[in-house]
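Colleague: I would like to learn how to read strand pairing and domain contacts in a model. Could you walk me through one?

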Amino acid sequence: MRNSKSERSGYLFILPWLLGLVLFTLGPMLFSLILSFSKWDIITGIKSIEWVGLDNFKQIFHDDMFYQSLKVTFIFALVSVPLYQIVALFTAMLLNMRSRGMHVFRLVYFMPSVIPAVATSMMWIMIFNPEYGVLNRALGWFGIQGPAWLQDPHYALGALVVMGIWSVGNTIIIYLSGLQGVPEDLYEAASLDGAGIFRRFVSVTLPMISPTIFFNLVMGIIGGFQYFTEAFVMTSGGPLNSTLFYNLYLYNKAFKDYEMGYASALSWILFIIILFFTLLVVRSSSMWVYYQGDEERD
Amino acid sequence: MKKWSTSLVMVMIAALILSACSSGGSSSSGGGSGEKVKLTFSVWGDVNAAADEVKLTEEFNKAHPNIEVKFEPIPSDGYGTKLTASLAAGQAPDVFLVGEGDYYKFVDKGVVEPLDDYLKKDTSFKLDIFQKDLIENMNIKGKQYYLPKDFNPLALWYNKRMFDEAKMEYPNDNWTWSDLTAAAKKLTKQEGGKFTQFGFNAGKWEYPIYTYLWDYGTDIANEDGTAAEGYMNGDKTVAAIEKYVAWSNGPDRVSPTPTDTQTMGGDSSMFMTDKLAMMVTGRWIKGDLDKSDVKYGSALIPKSEDGTRSSIIASAGWAVNAAGKHKQEAYELVKWLSGTEAQKLRSSNGAVLPATVKELDEVKAKEVNDKPVIEMMNFAKKPVTMRSGNGPIFVEQFTGALEKIMLNQSTVKEALDEAAKNVDSKIKK
Amino acid sequence: MNYSVKRWNLPRIVAFLLLLGGACIVLVPLLWTVAVSLKTPAEVFKDNFFPKVWKWANYANAVQAIPFFTFLKNTLTILIPVLIGTVFSSAVSAYGFARFNFKGKRALFLVLLATMMLPSQVTMIPMFLMFKELGWVDTFLPLIVPAFFGGGAFNIFLIRQFMRGIPKELDESAYVDGASRMQIFLRIMLPLSKPPLIAVAIFTFMGVWNDFQGPLIYLNSNEHYTLALGLSMFKGLYNVEWNMLMAATILIMLPVLITFFIAQKYFIEGISISSAVKG
């Protein structure tokens, strides 16, 4: 459908977003790009912005904390992105069963995502409590002596990963909505061909929900690299900087040290990193994402 | 096709206008009431604290027909972020509250207006109504930048029930640190290899550590906060820190480790549930303690064997925004908010101590638990954050080193040597 | 999972048990929250899981301690237009991306993704400066208006993914029958995209309901505060009123849960449409 009329209506339909991009998004992005080449002690107001060229970037590459926060963030993203996807997809498939009472289960699994992240974090501080926490008590039943979780530099990051599993409700919902779009007759046809559960999953479910997987993967990458609130509330980056996430370090630079220029430079480095991984997924998508509606690539 | 897209745009515009009207309406200020000067002021705070400021605002507006003040409290969680953002945009309130840890920093950045000129012109208002140490606290580089809202000196708090049970005498004003250690040893109990109660909390919070260092004649920085070498890692500091961490280390410890403390819900919960007998902290702790059934008392923080005793006054000061448009009026407001009437109102229910001499003396005569707390003011010294713009660098490195030491990742000497080196190299930049 | 199997066979039982186990794991922390919300302050850090005396008054106090209904009204004043704006404008934009071919589409789509990649910690101040220039500070406008311009990259992306999975023959045959693009969008695409649209609505509801950072930065006056901001007033600088905080948290969660419970029924109905279409 590529003719001039269709082109025009295409632009017309994305117009709301395009306008929003120009009006509300590009400006602040550009501003922060300029800031990344400047020094700005923010509490002194905009008149004190001062161009310093590449100084921020030069400093960043000699900054130990930069490398530490990068390491923490990469480990987290590498583990949590695939883990959360698998857990969420599996749970969504269970919740997609047709059965009485399933709506109650859906509600239960969705509940954690309704609680504000700050309240969730407070709750988990109690759960991870080495002595009184629910988690170590439960481990105790199996004869396992649980670690000090958030207070142990070897376990704190792992604890945050575990906690994240609890709140994958949003991802579950998106998978559920993707699963709803899989026509039932495809399963029936596969069943008639003698396909078992696993076979049906691989040859019907996976390709049909590949657009949803694509979506969740991209969003997972973006979210994983920008992990912030829980670490901010629960560990403030400790112990021994073992949970110093990139965005947490960036926030401290901007709002504790007031070095907004430096923080902006940090943010654009993160931008490039996320962009790189997203492009990797987008470029590979032609090989594994199947759209019923068209054969176009992303 | 065209018709549809036009109507789509129309719907969106209509919705936009609608939302603009519904919210815009309430924001437009009344106007028409002459040439009133409009001021805003902000505090961090919870629901309970805001009520007093609301009342003070109403009274101020009544007493000053030419000024209209609006009170805008900010949730404690977001105070730093919000104030920073509004200062960056030049939209900050005319008067705002600053904590003692930020006094120097805000002055250093030129964000806060010095009040000396206004005070000089004002014959009706004298600083000597305030507690001297407190005013001194708010005097930076020889100028008065802040006036007090409230304050919290550090003191020693003890759990009476635990002392009674051990048939021991309560801490008194002659205690040295050795007396405290001896008592703490008796109050620490183990059952089956597990600690069930601790005598004292030697935690990782830097304020009590500073007072301990001062008692033994040392500090983490030189007086003007320009050097760490020989201070943060000086022999006296290393020796004092070794003694300090020994309290919470090893099988003979008398203090919970930071991990233990977090495990048991923080030092105040441990204290309230009779698992901790003594701790050094600010008076704000009373708010928590009074809600529980714990029996507690307060005493002077112990002195060193040579008689040196130290404390820190945590305080909140009112500041006039240096970029504000109506600074004279803002000064009037600060005066009102820190004045005698305001102090009386806020301290009437015992939640905070009054900053004025006369009212403070009245409290001292009446309140047994507040007496040592108020006396601790006389021993107050300024931590490095209140002496230098480099303060945050010292604190960051020092607390980082402490964390390493307390998690047994490094010896005291090594960690402090490294921290001192880092501070000095960062300051040079 | 196969829908045609309705009998209780082994895989089904296993699946059910798994769900049950997971539900317990999910519920225990929530139960704890409820338990804390009913305790006295002194009891919060004691060993007992459930309160000795159930203090239902905490809930009444939480409502009275803050101007609950003013905050509720403010939250709804923001929520309703944002909900309408987001769902509609993200669906429109998603349709543009999913069904049309135009120059620079792939580049624009990447830009769409890229707008989510810059941490909000650094775009916040420039945004604030911009809304200040517009004179929108201390009004609801900065929190409402952007919703009408695309409704967020996340939502556009989500709906676009779903729309691209809808067979093209559907709208093409309608187009041949003389329907306009807008008619196709409204009569075919929108009804078929119910599941992601409801998902977007739920997320938006939650996002606005729980947003702390936005209202914190843009709203100054107490009388403009939202529920999420009001809730945080239970946390002082030194002490947290845990029981009150949790009571208020639960009060604020309830409407979202009820909405989800109602919405999910429609969510599930989506299925019959897509299979009918295919057949």
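Modeller: Gladly. Let us start with a pair of strands: S8(B) and strand S13 (residues 313–320) of chain B run antiparallel and are joined by six bridges. Keep in mind that this is a predicted model.

Colleague: Which residue of S13(B) is the bridge partner of B:Pro153?

Modeller: That partner is B:Ile313.

Colleague: How many bridges join S8(B) to strand S11 of chain B?

Modeller: Five bridges link S8(B) with S11 (residues 276–282), and the two strands run antiparallel. Within S11(B), B:Met279 stands opposite B:Trp157.

Colleague: And in which sense do S8(B) and strand S12 of chain B pair?

Modeller: In the antiparallel sense, over four bridges, with S12 covering residues 296–299. Here B:Trp157 has B:Ser298 as its bridge partner in S12(B). As a general idea for reading any such sheet, side chains in a regular strand alternate between the two faces.

Colleague: Let us step back to the chain. What does chain B contain in helices and strands?

Modeller: Chain B has 19 helices and 13 strands. Its C-alpha atoms fill a box of roughly 80 × 65 × 50 Å along the principal axes. To read how the chain folds back on itself, look at sequence separation: of the contacts in chain B with a separation of 6 or more, 73% are between residues 24 or more positions apart.

Colleague: Where do the domains of chain B lie?

Modeller: Domain 1 takes 37–152 + 314–379, and domain 2 takes 154–312 + 386–428. Their centres, taken over C-alpha atoms, are separated by 29 Å. The contact involves 15 residues from domain 1 of chain B and 20 residues from domain 2 of chain B.

Colleague: Which helices each supply at least two residues of the domain 1 side?

Modeller: Helix H4 (103–108) and helix H17 (370–375) of chain B do, on the side that touches domain 2 of chain B. The largest share of that side comes from H4(B), with four residues. By class, the domain 1 side has nine nonpolar, two polar and four charged residues.

Definitions and conventions
Residues are numbered from 1 along each chain as its sequence is written. Chains are lettered from A and ligands numbered from 1 in the order in which they are written. This is a predicted model: local features need pLDDT of at least 70, side-chain atom pairs count only at pLDDT 80 or more; totals for chains, interfaces and linings use all residues. Two residues are in contact if their C-beta atoms, placed from the backbone, lie within 7 Å. Domain bounds come from an automatic or database domain assignment. Ala, Val, Leu, Ile, Met, Phe, Trp, Tyr, Cys and Pro count as nonpolar, Asp, Glu, Lys and Arg as charged, and the others, Gly among them, as polar. Two strands pair if DSSP finds at least two bridges between them.
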